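Good morning, and thank you for coming. Please look at the structure on the screen while I take you through its chains and the places where they meet.

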Amino acid sequence: MTFLELKDLRIHFPTDDGLVKSVDGLSFSLERGKTLGIVGESGSGKSVTSLGILGLHKGGRARISGEIWLDGEELVSASAEHVRTLRGKKMAMIFQDPLSAMHPFYTVGAQIIEAYRIHHKVSKSVARKHAIEMLDRVGIPQPDRRVDSYPHEFSGGMRQRAMIAMALSCDPELLIADEPTTALDVTVQAQILDLMRDLQRDFNAALIIITHDLGVVAELSDDILVMYAGKAIEYGTSEDIFERPEHPYTWGLLGSMPRLDRERTERLMPIKGTPPSLINVPQGCAFHPRCTYGDRTGGKSTTEVPTLLESEGGHLVRCHLSGDVRRSIWENEIKPNLEAP
Amino acid sequence: MATYIIRRLIWAAVMLTIVSIITFAIFFLVPRLAGATPESLATRYVGRTATAEQVKIAAEKLGFNDPLVVQYGRFAKGIVAGADYDYGPGVEHCPAPCFGYSFLTRLPVWPDLLDRLPVTMSLAIGAAILWVLAGVATGVVSALRRGSFFDRAAMTIALGGVSLPIFFTGMVSLVIFSYGLGITAPGGSFTPFLDDPAAWAYSLILPWITLAFLYAAGYARLTRAGMLETMSEDYIRTARAKGLTERTVVLKHGLRAALTPILTIFGLDVGLLLGGAVLTESTYSLPGMGKYAIDAITNQDLPKVMGVVLFAAFFVVVANLIVDLLYAVVDPRVRLA
Amino acid sequence: MKRRTTTGAAALGAVLALALSACGGGSGTTPKDSAQPAAEEAKAEFNAGLTGVVNPSDKKGGVLKFANEGDWDSLDPGDTYYGYSWNFIRLYGRSLLMFKSAVGKEGNELTPDLAEGMGQPSDDAKTWTYKLKPGVKFEDGTAITSKDVKYAVLRSLDKEVFPDGYTYFNDFLDLPKGYKGPYKSKGVNTDKAIETPDDQTIVFHLKQPLSNFDYFAQLPATIPVPEAKDTGAKYREHVIASGPYMFEKNEIGKGFTLVRNPNWDPATDPNRKALPDGFDVTTNVNADDIDNRVLSGDLDVAILGTGVKQAALGRVLGDPANKANSDNPTSTRLWYTSINGNVPPLDNIDCRKAVQYAANKVDYQTAFGGEFAGGQIATSLLPPAIPGHEDFNLYPPGADNKGDLDKAKEHLTACGHADGFETNIAYRAERPNEKAAAEALQQALGRVGIKLTLKPFPQADYFALYAGKPGYAKDNKLGLAQNGWMSDWPDGFGFLGQIVDSRVIRDTGGSSNISVRDPEVDKMLDQAMAETDQAKRDALWTAIDKKVMEDAFILPGIWTKSLIVRSKNATNIFVNDAYGMYDYLGLGVK
C-alpha cells in the first residue's frame, strides 16, 4: 500500500473576481523514507497542496475534491476533527520564515511542549524533557537553557532548527517542509538541509519539500514534481529532472538556478514573463505565453490543454512537443548552455 | 526596571506640574490678558448684586490681587506643605496635599476628591469589565464569522454605540428602564459598595451598561480588526498544523496576540475615563469625579478644577505606566529601557 | 374678592376635570378632609396651584424628595441669596418675620415668625423694634434669645466669610465705623446698631429712614445662630435648626436630609403645618433627569422652581394629563433692554421712544422661550406679583404686539433721525436667550432704519467691565444692552432699588442699573423709602414705574413665567407669589 497518494486533487477558491483554481487535478504518491520535492514559482499551487494534505483548508471557503490517501485513510472526505488529530502527530509541517511562523509571545519550549501534549497525555515536566531532547537533537546548544527563550531571541538558523524540532516532536510519518530554507543565509541553508536529511533517515518519515528553488531539492529528493498553474507539468526521479528534463518550464527553472555544485554559468537564464492568473488560466497549455517553443507544437499549444503523459520509466511530462523534439532541444539547445564553463 | 519606573515617575511629576500651570493659566492668565481685573474675577464668587466693596473683599480673600506667580506658588505650596485657612471664628490647617478651598463652598477640595473617587472607580471598574468582556467577545465572534448576519448586526450596533452620545442613550435608558419599567435605579442613585454590594450594583447597572456600550462598541471593532489580522498570521497556521483544536488556536494564539494593542488602548481609556465619566455621571447624576469636574467648571471653581484635573492627570499617567509595564509582561519582545 | 375668584376657578376646574377624566386624564381623587377650608381647594387642572390648594390634606408623615440641578450658594442662613433657598430655609430656620405660607398674592404678606408681631418703627422709621415669642428653642433645646438673632445678623455682615449674601444690613444698620463683624471686630460694642435690652427684645437702629424694614426682618440673616456653635464658613455644614426640621446628614455638593426637630414647638408656630416627617434633598442632579423623575413620580420637587427644561416642555404641554398637573406662575423677574441715554442719539428721548415703538414684543417673548416657558409680555417694570404694579402701556405696540412702526417713525423724525441711526446692542455671550432677543430687536428696529450691531460680552464681566461700566459703554456706543432683574422680595424697593436709582451707577462699573439717570426718580425713591404707610408707598412705586417708562430708559421685555410640575405624591400644593414657585413649607405627603 502506498503511504501517501493524491488522486486528482482539486482545491478551488471562490472569490469575488472568479474561481481561483489553485490546485487543479494533482496526483502523485510517496513512500515512507522517500523524499518528494515539489517545485514551482509562487502561485503554482505547491503550498496550497501541502496545506490541503494537512486538511487546513477544511471549514474554509475552499472547494476540495479528489482523494488524499494517507496510510490507508482518505482525508478529503474525513471529518475536520479527525484530520486535526492526525495533524502534528501523523503528519507535520515545517514552515518558511520561522520568525513569523512561531508565536512571538510564547517561548520556543512552550510551543514544542504544546505540540507534544496535544497528542500525548503526559505531564508538563515530561513534555519539557522531551522538548529539550528535541532541541538537542536538532543541534541547538544548551537546549535546557534555550528551551525558555523566545523565538526572537534565536538566530534565523536556530529558529528553523527549533521549528523542525517542533514538527518532529510527535514523531510524524509524513513531514512537509514548505520552503524550509528560503529565509536563511546560504551557509545556514546547507546545514538545515543536512539536518533534515539526517533526521529523515533517523525517523524514516516520508518527506515533501516544497520550494521554488531546484537547488534545494537537488540533493535531498528522490522524486521531483514540477508544478505550474495548479497542475503537475513534469514528474520524475531527481535524475530524470536534472539529467533529462523534458518540459520547457523545467528547462527555464534549471536555467535560472544558481548552483552550488557546479561552476557558475556566465549568466542566469530566467523564464520570461510572469506566472499566469489562476482565475483566467491561458487557453491551451497554461505555459504557452511564456514558452519559446510553442511554434513547434503545430498550433496545439494555444488551443488544446496538454495531458500528463509518460515519457519513459515513470517520467511524466505535460507538453505538446513530441518526445523527440523535446529531447533534441534539451541536448542541443539547453544543456550545452547550462554546462558551458 | 526600577530605574525605568523611577524615571517615569519623575516625568509624571513634571507632567503634572505642567498640567497644573496650564490649568492655572487658563483660569487666571488668559482672562487677565483679556482685561479681567482681580475684582471682575471675584464677581463670580460672590452673591448676585454684590457691592463693589463686597467684591473687593472677596478678591482680597481669594488672593486675586497677588501676582500670578505668587498665586500659583501658594497653590503649589498647599499641595506640598499644606495651608492655613481662616474660616471666620478660627483658622484651620489643611494638611498636605491641600488642593485649596473651593471658591464657592469654602470647603477644602481634597476630602471631596477622596469622597468622590469611589463613585468614579465603581463606575469605571464595572463599566470596564463589561465593555472589555462584551467588546472583545463580540469582536472575536464577528471576526471568526466575518460577513455573517451576526457580524453585520454587531458592527452596525457598534457603529451606533460609538456615534450615540451618552447623554442621549443614558436619558433614554433612564426613561425606559427606570421610569417606564421600573426595573433599574433612578438617576442620582449610588450606594457605596461596602454599605450594600447588591444595592451598589443595582444603582450602577444602567450607568455601567451605558458607559460600557460606548466603549464596547469601539473594542468590538478593534478586536474584530485585530483578530482578522492575527488569524491570518503564519503562527496561527503553525498552531493549526500542530493539531490544536480551533478553540485553542483562537483563544490562546489568536486572541492573545490581538489583545496586545487593545491593552494599550484600554490603559489609555481607563486613564481618560474621566471624559466618559463626566457625561455618564452628569446624565445619571452620580456624585463622582466627573460630575464634580463638570460642576466645578460650570461654576468656575478653580481649586476644584485644579484638584480634579491634577487627579485625573495623575491617573492618566499612572494608567499609562501600568500599561507600559504590562505590555512588557504580555509581549516578551518589548523591553523597557 | 379673591375668594370669589378662586371659587369660580374651582367650579370651572371641576368641569374641565370631568372632561379630562373622561379621556383618561387623572383628576386626583383626594379624600376630603373636613378640617380643610373648602373654598381653598382646587381641582387638579392647569394653573390650579396659582389660585388654590391642590390635594389639600392634613395627613402627617412621609418623606418628600427634592432635587437641585446645581447646589445651594450656601445653606447658611447668613450666606444665601436665592429665592428657592429662602422658600426652603423656612423649613429649618425661623426668621423674625416670614412670608405667609399661602396661595398666590396672600403669600406676599409678611407675618410674624420668631417675633410676636410686626416691627414697631419709630416715627422717623429709623428704629425698628421686635419682640420675640417665648418658648422657641434651637434643635438642641436651648432657648432662642434676641442675642442669637443679633449675633446672626452681625455675623452675616462679614462679607469675607459670607460672600454670597446681600448687604442690606451692612448698608442700613448704624454700625460702628469700620465694624467688620464679630470674627474680626471682636468685643466691639454694637448696641448702636442692634440693641437687645432683654432676651425677648431686639431693636435695630438704621442710618436712614426705611419704611419697609419689615422685609429686612424676614431675611434669612435674622434666623438665629447660637454663637457657641458658629463655625463661620463651615457653619453651612451643620446649621443649627430653629424650624420644624433639622439636618440629619449633610454632604455639600451631594445632598442632605432633614428630619423632624424634636425641640420645635408647634404652639409657638401658627405658620407651619410641618406635615412630612422629613426631606430628602439631592444636589447637582441632571436637570433633564429631574424633569423626567418629577413627571414619573419618582421625585417630588425640582427645587429651583424655574420650570421644566426644553426637553420636557413638550411632554408637559402636549399631554393633557401632564398639563393638568402643572402650573405656570409669573415670577418677579423682568427681562428687559436698557436704553443708554449716554449714547447719542439715544440721549434724545424721541430716539428712545422710537425704539420702544419699533420693538416686536412677540419675537422678544419667543426669544425667551415663548408664553409658557418664557413669560408674559411686559409693558412696564413692576411685575404683576409686586404690590404697586399697575397695568399700563405708554407705547402701545399695535394690535398684534409686533410694534407700531408709524409711531416709531414719527418719533425718529422728531429726534432728527428720520431715516434711522446706528448703534450697538450688548448681551451676555453665554446666554442664548439674550442673544435671540438681541437678534429679534435687530430685526424689529431694522424695519424703521435703526441699525443694530450685536456685541456679545462674557457674562462674568458684563456689568463690571462692559455694559455696566459707563465709560466703556459710552466709548463703545452700547446704546442698548440686554438686562434682567428679579426682586429679592415682592415689593417696589426690592424690585426697583437697584435698577432705576441713578446713584448706584459707579464709574468703576458693576451696577445693574446701566441706563436710568433721572434725579426725579431718585427723589421719589427716597420718598418711598421713608413712607411707612403701605398704600401710599405702593402708589409711589407705581409713579416711579411710570416715570421711568416715560423717560424710555428701559424697554421692558417679558415678566418671566415658568412651567412647574406638581408632585404626584404630595399634598397641599400651591404657588406662593412671594417666591413664584410652590410653597415648600406647605407641602405634605399623600
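Predicted model: local features only at pLDDT ≥ 70, side-chain atom pairs only at ≥ 80, totals over all residues.

Strand β15(C), residues 330-339, and strand β19(C), residues 480-486, run antiparallel and are joined by seven bridges. To find one of these positions on the screen, look for R333(C), whose bridge partner in β19(C) is M486(C).

Next is the contact of chain A with chain B, which takes 23 residues from chain A and 17 residues from chain B. The elements of chain A that give two or more residues to its side are α2 (80-86), β6 (91-94), α3 (98-101) and α4 (108-119). Of these, α4(A) provides the largest share, four residues. The side of chain A that touches chain B divides into twelve nonpolar, six polar and five charged residues. Chain A and chain C, by contrast, do not touch, and 47 Å lie between their nearest C-alpha atoms.

Let me now describe the domains. Chain A is divided into domain 1, residues 103-171, and domain 2, residues 245-339, with 43 Å between the domain centres, taken over C-alpha atoms. In chain B, domain 1 covers 2-98 and domain 2 covers 110-336. The centres of the two domains of chain B, again taken over C-alpha atoms, are separated by 34 Å.

How many residues of domain 1 of chain B are in contact with domain 2 of chain B? There are 14, and they meet twelve residues of domain 2. Helix α1(B), residues 2-33, contributes the largest share of the domain 1 side, ten residues. By class, that side divides into ten nonpolar, two polar and two charged residues.

Still in chain B, there is a hairpin formed by β1 and β2, with four residues between the strands. Strand β1(B), residues 83-86, and strand β2(B), residues 91-94, pair in the antiparallel sense over four bridges. D86(B) stands opposite V91(B) in β2(B). In the turn, G88(B) has a positive phi of about 120°.

I shall close with two pairs of helices in chain B. Two packed helices are described by the angle between their axes and the distance between the axes. The axes of α5(B), residues 109-144, and α10(B), residues 246-271, come within 11 Å and cross at roughly 140°. That angle makes α5(B) oblique to α10(B), and the crossing is right-handed. From α5(B), the residues A124(B), A128(B), V132(B), V140(B) and L144(B) meet V250(B), L255(B), F266(B) and V270(B) of α10(B). By class, the contact of α5(B) with α10(B) has nine nonpolar, no polar and no charged residues.

In the second pair, the axes of α7(B), residues 166-180, and α8(B), residues 197-230, come within 10 Å and cross at roughly 145°. This crossing of α7(B) and α8(B) is right-handed. Among the residues that make the contact are G170(B), S173(B) and F177(B) of α7(B), and L206(B), T210(B) and F213(B) of α8(B). The contact of α7(B) with α8(B) has seven nonpolar, five polar and no charged residues.

Thank you for your attention.

Notes:
Residues numbered from 1 in each chain as written. Chains lettered and ligands numbered in written order. Axes fitted to C-alpha atoms, helices over the stretch in contact; angles between N-to-C directions. Parallel < 35°, antiparallel > 145°, perpendicular 65-115°, else oblique. Left-handed = near helix turned anticlockwise from the far one by under 90°. Contact = placed C-beta atoms within 7 Å. Nonpolar A, V, L, I, M, F, W, Y, C, P; charged D, E, K, R; others polar. Domains from an automatic or database assignment. Pairing = 2+ DSSP bridges.
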